[in-house]
Amino acid sequence: MWHYNQSAPTYNLTQSSKRPMDLVKINFQLAKYTISAPSIKQCPEDTGAEVAFAGRSNAGKSSALNTLAQQNKLARTSKTPGRTQLINFFEIQPGVRIVDLPGYGFAKVPERLKREWQKNMSEYLEKRESLKAIVLVMDIRHPLSDFDRMMCDWAQDVQMPVHILLTKSDKFKRGPAQATLLSVKKEMAHLGDLLTIQTFSSLKKVGTTILQNQLTQWLQPPKDEEEA
Ligand code: GDP
């Protein structure tokens with residue numbers, strides 16, 4: 001359910017903005033790059049839990065990952081030439097991962113590579129058992145690109161939770177930022193309870209706790225692993 005709080009600096013919709021006491025704490029600062037995979041076959045073992053970050057190139061995805069993990073260079077890996085079109089994995093603790101999906105919108109890439117990208121992405125999104133949710137990063141000034149809409153449609157088809165991160169919120173004053181959030185929320189209302197949304201700024205470090213708490217919910221280790 002959406003909870004809409006007039007006085008809150010960000011409209012987050014859920015209980016998820018708070019970390020319930022019974023959840024295992026996840027220390028995002030421990031995130032470490034592990035591997036880059038060209039396709040699902042090369043991905044790490046499909047056990048535990050992972051959340052994937054997706055977004056159009058330049059949306060602010062790498063900066064958001066760095067802010068999340070409070071590390072300056074974590075997502076530099078994903079920008080290394082030769083790795084920009086790979087699925088990059090970051091492990092936080094055994095069986096708990098953040099995944100950086102290749103940015104979409106590389107204008108000069110040949111058609112054949114775009115098709116390859118789509119094939120690898122749909123395979124990953126559809127077959128990956130440990131994938132719990134998607135964080136869809138959008139520049140608050142240009143939300144809901146064709147790519148974003150495609151991802152939301154896909155999430156609805158397979159009933160995958162999607163957290164929209166409206167980043168670079170420092171580019172707007174509070175009023176226009178909230179207006180954008182509300183209009184994106186309205187347009188994506190068909191996602192129902194699958195959707196959570198927030199404003200975020202890597203530059204000003206705004207929204208980090210909300211993001212961390214949402215991810216903590218999704219990345220909870222299974223009870224037996226946690227006790228082991
Ligand atoms: P990616 O291609 O989606 O990984 O995007 P990057 O994280 O590399 O960011 C693209 C550009 O946007 C860079 O010039 C960043 O400095 C800038 N940027 C990213 N996040 C923010 C933010 O929160 N505020 C502002 N003002 N600029 C940002």
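Two strands are taken to pair if DSSP finds at least two bridges between them; strands (E, at least two residues) and helices (H or I, at least four) are DSSP runs, numbered from the N terminus. The model is predicted: local features need pLDDT of at least 70, side-chain atom pairs count only at pLDDT 80 or more, and totals for chains, interfaces and linings use all residues. Residues are numbered from 1 along each chain as its sequence is written.

**View A. Strand S3 and its antiparallel partners S1 and S4.** Strand S1 (residues 32-37) is joined to S3 by five bridges, with serine 36 facing its bridge partner asparagine 88 in S3. Five bridges also link S3 to strand S4 (residues 96-100), and glutamate 91 has arginine 97 of S4 as its bridge partner. Two residues separate the strands in the hairpin of S3 and S4, where glycine 95 takes a positive phi near 80 degrees. Because five of its seven residues are buried, S3 (residues 87-93) is largely enclosed by the rest of the structure (buried: 20 or more other C-beta atoms within 10 Å of the residue's own, C-beta atoms being placed from the backbone).

**View B. The largest nonpolar core.** This core (buried Ala, Val, Leu, Ile, Met, Phe, Trp, Tyr and Cys residues joined through C-beta atoms within 7 Å) has 54 residues, and Phe53, Ile134 and Ile164 are among those with the most contacts inside it. Strand S5 (residues 131-139) gives the most to this core, with seven residues.

**View C. The surroundings of the ligand.** The ligand is surrounded by 16 residues (C-beta atom, placed from the backbone, within 6 Å), and the closest are Gly60, Lys61, Ser62, Ser63 and Leu203. Helix H1 (residues 61-69) gives the most to this shell, with three residues.

Terms used
A residue is buried if 20 or more other C-beta atoms lie within 10 Å of its own, exposed if 12 or fewer, and partly exposed in between; C-beta atoms are placed from the backbone.
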